[in-house]
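My notes are below, one topic at a time.

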Amino acid sequence: MTNNKDKTLGEILRDQGVSRRSFLKYCAATASMMALSPALIPKIAHALENAKRPSVIWLSFQECTGCTESLTRAHTATIESLIFDAISLDYHHTLQAASGHAAEEAREEAMKENFGKYLLIVDGSIPLDNPGYSTIAGISNYDMLIESAKGAAAIVAIGTCAAFGGLPHANPNPTGAVSVSDIIKDKPIINVPGCPPIPVVITGVLTHFLTFGSIPELDHIGRPKVFYGQSIHDRCYRRPFYDKGLFAETFDDEGARKGWCLYKLGCKGPTTYNACATTKWNDGTSWPIEAGHPCLGCSEPDFWDGGGFYKSLSMPTENITQTVIYTAAGAIAAGVALGAMNKARKNNAVAAHSKTGVDDLEK
Amino acid sequence: MTEIEFLSWVRGPGFQIAVIIFIAGVIIRFAEILLLGRKANLAEAKGSEMSSGLRTIVTRSIPDKSTFQRSTFTIVAGYVFHLGLFVTIFLFAPHILMFKDVIGFGWPSLPTPVVDAIAVVTIIALLTVLVHRMRSTVLRFLTNTEDYLVWMVTILPLITGYIAFHRIGMTAPTLLAIHILSVEILLVVFPFTKLMHGFTVVLSRWYGGAISGYKGVES
């Protein structure tokens, strides 16, 4: 097998049997997904065709491999996965055949060869409490991130753990987990949150980087606006039911069967920004809300700590019933005490009241 | 603080603090009023205090003809925004979910577009009563800072709620958090201002009716 390293992306895709037609279809879909003018489709195609495989180093820290699964575990070899094959993934300890020192050598070699040019992808959060919580080849996650970030052109934080801390960061955060952007301050960071992120969003961000050599426009928490610009709620096909006030009350009532809004079942769609409602999952087959389950809000920070997945957004997250009972009990006691004090003051005033008589006037 | 942290705070500790102040404030004020006691009335009772008192709680809601003619605007606008507040607070589906979570039971909601329209009417009514108040020399003279504060904390949850529902201007978590925060401000201010009339209105009406009942006259 010839070394893919020297081939362009176009050559590699052709080798893999991808037709010109399906390649252009992918370019058109990507352009429309990124809200780019159709005039840019040939430019995207041209840029992708001639792109040399950029070196990509993928670091996995405190994560569940769900993000990698999302990207690679398609039922058929999608164009997205081929694009992914076509980048030079020089280090990914889950996917690569090498292990141990050989793997670390591959990473170091890629970093040295492509210093300043490689793309660093991180999934998983970084524990700060004790470096021993998560190590790779004896290197702590923190040290590996700092070392690998030095020569990176840009960093893509894949998944909510890398972007915002995710599950490891959830209260009480036993490992002191933080996100990539909590540590790295001097490199462009693209947050691609989701638990996991949508595969096409991951490849879309990579395509943008390959095509334009720059990072896409980001929102206030570092997410590419093209994919995270609109909320689930605003693009949800069940939105008309919310507007009419028609809700499923349980998972198996008439409302649920009729496909009414899942707000009352805890849907976080109104406060969640992601592309699920438009791109969907599994090749556009379906997505959580279409499958009848409320949105968990997985592309937002602290989504594990929102008071429970089945608690609707208008509900308080604390146990307010208990608060009311305790407060009422305390307040009744305090009220009675204050009332008694007022009464005592009144009685004292009455007792202290002395009548003025004729004798007093003569004094 | 990110917008999600802001939302988590107002749904969590913020709401808890507001509820504690609200419940404690209302109960303590009630206890103080009730424990103040009344001087024994040495005159012979000419009728029942209780029945007259209870009746008056209801009858005072109906303005008499001459009062209505004198203050038509105040009464109509007052009714509109009070009923509007009732509908928007208690008959909007997401709000009922909140009550259900706290007190354990819920009730049917009105269709969302109806509540939405009533919210707009309520906001307009509250704006007009303020304009009316500012334009009338006597009312303006009688109005103090507390009255403006009370008006402000009442209209804010309506406006922020309307904006949050229609998702105008800012990101959704921020809008929702601002709305919940405005309600928390209302809860905190409630027991210590004229807003307390929401509860004491029952007591004071009963008392007015009871005095008349004792004297055997119509209240």
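What follows is what I looked up, starting with the ground rules.

**Ground rules**

I am working from a predicted model, where local features need pLDDT of at least 70 and side-chain atom pairs count only at pLDDT 80 or more, while totals for chains, interfaces and linings use all residues. Residues are numbered from 1 along each chain as its sequence is written, and chains are lettered from A and ligands numbered from 1 in the order in which they are written.

**Chain B, overall**

I started with the make-up of chain B and found 11 helices and 0 strands. Helices here are DSSP runs of H or I with at least four residues, strands are runs of E with at least two, and both are numbered from the N terminus. I looked up the extent of the C-alpha trace of chain B too, and along its principal axes the span is about 65 × 40 × 35 Å.

Of the 219 residues in chain B, 29% are buried. Buried means 20 or more other C-beta atoms within 10 Å of the residue's own, exposed means 12 or fewer, and partly exposed is in between, with C-beta atoms placed from the backbone. I also checked contacts in chain B with a separation of 6 or more, and residues 24 or more positions apart account for 76% of them. A contact is two residues whose C-beta atoms, placed from the backbone, lie within 7 Å.

**α2(B) against α10(B)**

I found the axes of α2(B) and α10(B) 8 Å apart, at an angle of about 20 degrees. Axes are lines fitted to C-alpha atoms, for helices over the stretch in contact, and angles run from 0 to 180 degrees between N-to-C directions. α2(B) and α10(B) are therefore roughly parallel to each other. The cut-offs are under 35 degrees for roughly parallel, over 145 for roughly antiparallel, 65 to 115 for roughly perpendicular, and oblique for the rest.

The crossing of α2(B) and α10(B) is left-handed; that is, the near helix is turned anticlockwise from the far one by less than a right angle, whereas clockwise would be right-handed. On the α2(B) side I noted G14(B), F15(B), A18(B), V19(B), I21(B) and F22(B), and they meet I180(B), L181(B), E184(B), L187(B) and V188(B) of α10(B). The contact of α2(B) with α10(B) has 9 nonpolar, 1 polar and 1 charged residues. For these classes, Ala, Val, Leu, Ile, Met, Phe, Trp, Tyr, Cys and Pro are nonpolar, Asp, Glu, Lys and Arg are charged, and the others, Gly among them, are polar.

**α7(B) against α9(B)**

Next I took α7(B) and helix α9 (residues 145–166) of chain B, which pack at an angle of about 145 degrees with axes 10 Å apart. The crossing of α7(B) and α9(B) is left-handed. Residues in this contact include A119(B), I123(B) and L126(B) of α7(B), and W151(B), I155(B) and L158(B) of α9(B). By class, the contact of α7(B) with α9(B) divides into 10 nonpolar, 3 polar and 1 charged.

**α6(B)**

Which residues of α6(B) are buried? I get A93(B), P94(B), I96(B), L97(B) and M98(B). The cover over the buried residues of α6(B) includes α7 of chain B. After α6(B) comes G104(B), with a positive phi near 90 degrees.

**Where the chains meet**

The contact takes 35 residues from chain B and 40 residues from chain A. On the chain B side, α1 (3–11), α2 (13–35), α6 (93–103), α7 (112–135) and α10 (172–189) each supply at least two residues. α2(B) gives the most, with 12 residues. The side of chain B that touches chain A has 23 nonpolar, 7 polar and 5 charged residues.

**Chain A**

Chain A is divided into domain 1 (4–228) and domain 2 (230–337), with bounds from an automatic or database domain assignment. The centres of the two domains, taken over C-alpha atoms, are separated by 31 Å. I see 17 residues of domain 1 in contact with 13 residues of domain 2.

Helix α3 (residues 41–50) and helix α11 (residues 199–212) of chain A have axes that come within 8 Å and cross at roughly 85 degrees. α3(A) and α11(A) are therefore roughly perpendicular to each other. I44(A), A47(A) and L48(A) of α3(A) make the contact with T207(A), L210(A) and T211(A) of α11(A).

Last, I checked L71(A), which lies in helix α4 (residues 66–72) of chain A. L71(A) is buried, with 26 other C-beta atoms within 10 Å.
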